[in-house]
Amino acid sequence: MTTTVKSETMPTPARRVPYDELAAVTRGSVVLPGDAADVVAGVRFAKAHGIVLAVRGGGHNAAGLGVWDDALVLDLSPMHSVTADPQSHTVRVDGGCTWG
């Protein structure tokens with residue numbers, strides 16, 4: 001399930017500081033996708049409406065490169081599963097994963 005949060009409904013610190021105080025920006029809206037289909041829908045929506053799209057992964061970037069002024073931020077942090085397949089020797093890691 002996708003959750004969309006408009007910038008004006010978020011508290012000022014959350015709206016202005018994406019990771020830490022090194023990169024303060026303002027955002028249009030944030031989409032928190034629940035699965036790959038939600039990600040695709042967010043990308044298509046931004047493209048169809050000519051909206052700048054910023055993708056935020058697990059929040060590793062202190063410089064704030066996963067956000068952009070007045071962009072639609074596709075925040076992948078809710079997508080944080082890891083799936084290992086021992087038979088094929090592969091691991092699938094979602095875009096919102098962190099080291100911890």
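The following legends describe close-up views of a predicted model.

**Basis of the legends.** Residues are numbered from 1 along each chain as its sequence is written, and side-chain values use heavy atoms, with hydrogens and water left out. Because the model is predicted, local features need pLDDT of at least 70 and side-chain atom pairs count only at pLDDT 80 or more, whereas totals for chains, interfaces and linings use all residues.

**Figure 1. Overview of the chain, with 2 helices and 6 strands.** Helices (H or I, at least four residues) and strands (E, at least two) are DSSP runs, numbered from the N terminus. Along the sequence, the elements follow the pattern β-α-β-α-β-β-β-β. Of the 100 residues, 31% count as buried; buried means under 20% relative accessible area, exposed over 50%, and partly exposed in between (1.4 Å probe, protein chains only). The accessible surface of the chain is about 6500 Å², and 59% of this area belongs to carbon and sulfur atoms; areas come from the Shrake-Rupley method with a 1.4 Å probe, and for residues only the protein chains shown count as cover. Among contacts (heavy atoms within 4.5 Å) with a separation of 6 or more, 50% are between residues 24 or more positions apart.

**Figure 2. Strands S3 and S4.** S3 (residues 53-56) and S4 (residues 72-75) pair in the parallel sense over 4 bridges; two strands pair if DSSP finds at least two bridges between them. Leu-53 has Leu-72 of S4 as its bridge partner.

**Figure 3. The nonpolar cores.** A nonpolar core is a set of buried Ala, Val, Leu, Ile, Met, Phe, Trp, Tyr and Cys residues joined through side-chain atoms within 4.5 Å. The largest comprises 7 residues, namely Val-31, Val-39, Ala-46, Leu-72, Leu-74, Leu-76 and Met-79. Helix H2 (36-48) and S4 are the elements that give two or more residues to this core. A second, separate core of 5 residues includes Val-30, Ala-54, Ala-71 and Val-73. In soluble globular proteins, nonpolar side chains tend to be buried together. Leaving aside neighbours within four places in sequence, Leu-74 is in contact with residues including Val-31, Val-39, Val-43 and Arg-56.

**Figure 4. The loop between S5 and S6, with Ser-88 and His-89.** The side chain of Ser-88 makes polar contacts with the side chains of Asp-85 (3.1 Å) and Thr-90 (2.7 Å). A polar contact is a pair of N or O atoms within 3.5 Å; within protein, one must be able to donate a hydrogen and the other to accept it, and residues adjacent in sequence count only if both atoms are side-chain atoms. His-89 is exposed, with a relative accessible area of 73%, and has a positive phi of about 60 degrees although it is not a glycine.

**Figure 5. Asp-94 and Gly-96 in the segment after S6.** Asp-94, located after strand S6 (90-93), is buried at 11% relative accessible area. Its side chain makes a polar contact of 2.8 Å with the side chain of Ser-81. Gly-96 is also buried, at 5%. Gly-96 and Ser-77 lie 19 residues apart in sequence, with a C-alpha to C-alpha distance of 3.9 Å. Beyond residues up to four places away in sequence, Gly-96 touches Gly-57, Gly-58, Leu-76, Ser-77, Met-79 and His-80.
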